[in-house]
Protein chains: 2
Amino acid sequence: MDTVNIGLLGLGTVGGGTLQLLKRHADAIERRTGRRVQVRRALVRDLAKPRPAEAADVAVTTDPDEILDDPAIHIVVELVGGCEPTRAWVLRAIAAGKHVITANKALIAQHGNEIFAAADQHGVIVAFEAAVGGGIPIIKAIREALAGNRIESVAGIVNGTTNYILTEMRDRGLGFSEALAQAQALGYAEADPSFDIDGIDAAHKLAILAAIAFGTPLAFAGVATEGIGAISAEDIGYAEALGYSIKHLAIARRDEEAVELRVHPTLIPQRQLLARVDGVMNAILVHGDAVGETLFYGAGAGALPTASAVVADLVDVLRLLSADPDHRVPYLGVRPGAIADLPLRPLEAIHSAYYLRLSVEDHPGVMADITRILADHEISIEAMLQRPDPTRPDTMPIILLTHRAWERAMNQALDAMSRLASVRGPITRIRVQTNGTW
Amino acid sequence: MDTVNIGLLGLGTVGGGTLQLLKRHADAIERRTGRRVQVRRALVRDLAKPRPAEAADVAVTTDPDEILDDPAIHIVVELVGGCEPTRAWVLRAIAAGKHVITANKALIAQHGNEIFAAADQHGVIVAFEAAVGGGIPIIKAIREALAGNRIESVAGIVNGTTNYILTEMRDRGLGFSEALAQAQALGYAEADPSFDIDGIDAAHKLAILAAIAFGTPLAFAGVATEGIGAISAEDIGYAEALGYSIKHLAIARRDEEAVELRVHPTLIPQRQLLARVDGVMNAILVHGDAVGETLFYGAGAGALPTASAVVADLVDVLRLLSADPDHRVPYLGVRPGAIADLPLRPLEAIHSAYYLRLSVEDHPGVMADITRILADHEISIEAMLQRPDPTRPDTMPIILLTHRAWERAMNQALDAMSRLASVRGPITRIRVQTNGTW
């Protein structure tokens, strides 16, 4: 089989994102795995409902049997959510010898033990990277990349809705209800937000994280769960005053005797990275006996981030189907014949903002000379600091931050400035990261 | 073959750490992979030199042939470093049909194209997770977990020595030479520190990251490299004043036309997580078209963190050797028969620090009552805030941070406090993370 056929259960936000990635990256997936992927059919609830543009050429059905009973479908991707009827569908797909990829945390947390046993019995894969942390590859990190460790604890911000609410309460001084209403207006919280704000969603994810971290059975019922409803704007203010941020955390710890599984608001010292994870972002801190502390940060929800994890699972399955076990993952991520050869851009052709520090003789006209040179090279100034240095009364340090400019123009400007009689010694130039652009 | 035999090239810091993990986690590795691992022989430079305790029962040799020509050795782990003679050794191991695991960034960055071609020809695996980011699983993250993305950029702090020096310059106002001398005294910098401070080590790592992120050939010679020698304490101070931290970054970007590969100091806005990565820690920010921004943080060097990556590679290879492709990675990280069943600790048995907020009538004796109750339950107070709330003149909010205590004792104390006549309304209790203990 050169083309691998997929059946998609669910064509909502994540389903649309998955179709979009499969289309956009069809060639890249083939470069990585040697396979073409075809979405053979998608299950929808209502044929009349408008569908995302990327679903225009996908055959749809309202009958799950048309996917579960189709022998040409190799992989079922379950993006419906909830435990029923998805549990029955997933078990049927497994029994029919189909691999399953799911983003369904409730299903895995509550029925994973049963589902994994069925998958073992039928020799198929059940992959669920998208169930925890959205686009953050935390399942793979713990289960594979930290396999040389005894994991001591996992502590994470795994629910974007509660993190958004707590961040808004802190940054804008909103009360809990106001922040929740705002999250609902922006689509970050459901009309019935209890799954998120009471911590149930986080508890599902924690049950999964703990099981893979400790190699123990899934134990959702054992998670002690507290939501954020009791946190007031005052508490957030007092915590700040004491040097802490309040975050809603999912925590799994183990020692020699027992495992602790708990979801609750927690004060975290502000100097820690986890305290700086704001808005809808997620982050998970894993402590292993060998690696020490590691942190994995990214978008915990959303169509494309979640689809990123779904497609990663798909690539994993395709790489296994591709059979040559010694080369499951190509060295450079793509198969040897598919390596690209993009040209290398020389440093002088990059576009960057800059920090400049010059020592100048402090007399009239020197700033005019410098700003004229920058303007001549189409470099504009964003900020300037000029602070007399008492230890060097004869010169004045000037610090400039520029907007983005071409490195070639900056080199020429630096050259011209260094020839000014009033500029003393070398000019320091350091590149600046601006607006997320490197 | 039930036992897999390993030949170890190099028994220095990382070699010692690897032996330590293989010994400590021998049972866990068997639970994960179904295999026992045996270190059959280790190459050392000098038989007379004292060896780490964990190497006491390992056969050693000064002759690489005793490892490379031994048909009983299945996997060669190369931890010598440098390009010669390691390149020849690795190529010989590959030609002899042995899988290779290496932590050698210089070797992969400069000779990876040749080594990967040889491995393809001979059908063996060359794994190199430990070459970049120490214990941070960045190779696996990019090559597998983000395979559903087009990676747009990778930007990271990948050299702990330079990050330590820049952090000390900022936090203690040291000059570059002083900070370097201190790093050398602490063993964070080599006697000849040029590989680190001139950015060559970072350039090796960047070449590897860029190749796997973009699916392009390794291009170490194309990396534009600047060290940190020209950064002064003043620059760091001015950058802080402008709202930035200076970090030594390895940056790979691509667009439709070209790839940029550069290592240089960079001003980063302080609100970004990367600006908060201090000391010897490493972090790598990956931007993918689907996932958006993800960050991977952890220890970039050191015996055990690096060994963590080496053993993860080993587990990967063992899982492939274990043949059942559909179950390469068990659902819960360990094979179904090996799942542990640790008891669950009830919430009242946890040990945590606490934040408490009470509203009290502001009259003499109320603080004495509260502190007496806490003392009776062996709960000690770390900090206290008492701020009159002008909107509620009849009551006074009291905020307490406690040291760690048993949750059961805290529950009892809360119960007793809430029965005090002077305490009004419910008491807010939030758990606090202290000293890295959850």
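The legends below accompany several close-up views of a predicted model.

Residues are numbered from 1 along each chain as its sequence is written, while chains are lettered from A and ligands numbered from 1 in the order in which they are written. In this predicted model, local features need pLDDT of at least 70 and side-chain atom pairs count only at pLDDT 80 or more, whereas totals for chains, interfaces and linings use all residues.

**View 1. The contact between chain A and chain B.** Chain A contributes 109 residues and chain B 108 residues to the contact, two residues being in contact if their C-beta atoms, placed from the backbone, lie within 7 Å. The side of chain A that touches chain B is made up of 69 nonpolar, 19 polar and 21 charged residues; here Ala, Val, Leu, Ile, Met, Phe, Trp, Tyr, Cys and Pro count as nonpolar, Asp, Glu, Lys and Arg as charged, and the others, Gly among them, as polar. Of the interface residues of chain A, 99% are also interface residues in chain B, so the copies meet through the same surface.

**View 2. The relation between the two copies.**

**View 3. Domains 1 and 2 of chain A.** Chain A is divided into domain 1 (3-134 + 305-338), domain 2 (139-299) and domain 3 (347-432), with bounds that come from an automatic or database domain assignment. The C-alpha centres of domain 1 of chain A and domain 2 of chain A lie 27 Å apart, and 14 residues of domain 1 of chain A are in contact with 16 residues of domain 2 of chain A. Helix α5 (residues 105-122) of chain A gives the most to the domain 1 side of this contact, with 7 residues.

View 4. Helices (H or I, at least four residues) and strands (E, at least two) are DSSP runs, numbered from the N terminus, and two strands pair if DSSP finds at least two bridges between them. In β10(B), 10 of the 11 residues are buried, so this strand is largely enclosed by the rest of the structure; a residue is buried if 20 or more other C-beta atoms lie within 10 Å of its own, exposed if 12 or fewer, and partly exposed in between, with C-beta atoms placed from the backbone. β9(B) and β10(B) pair in the antiparallel sense over 11 bridges, with B:S245 opposite B:I268, and form a hairpin with 4 residues between them.

View 5. Strand β7 (residues 151-157) of chain B has 6 of its 7 residues buried and pairs with strand β11 (residues 281-288) of chain B in the antiparallel sense over 6 bridges, B:S153 standing opposite B:H287. In helix α6 (residues 138-145) of chain B, 8 of 8 residues are buried.
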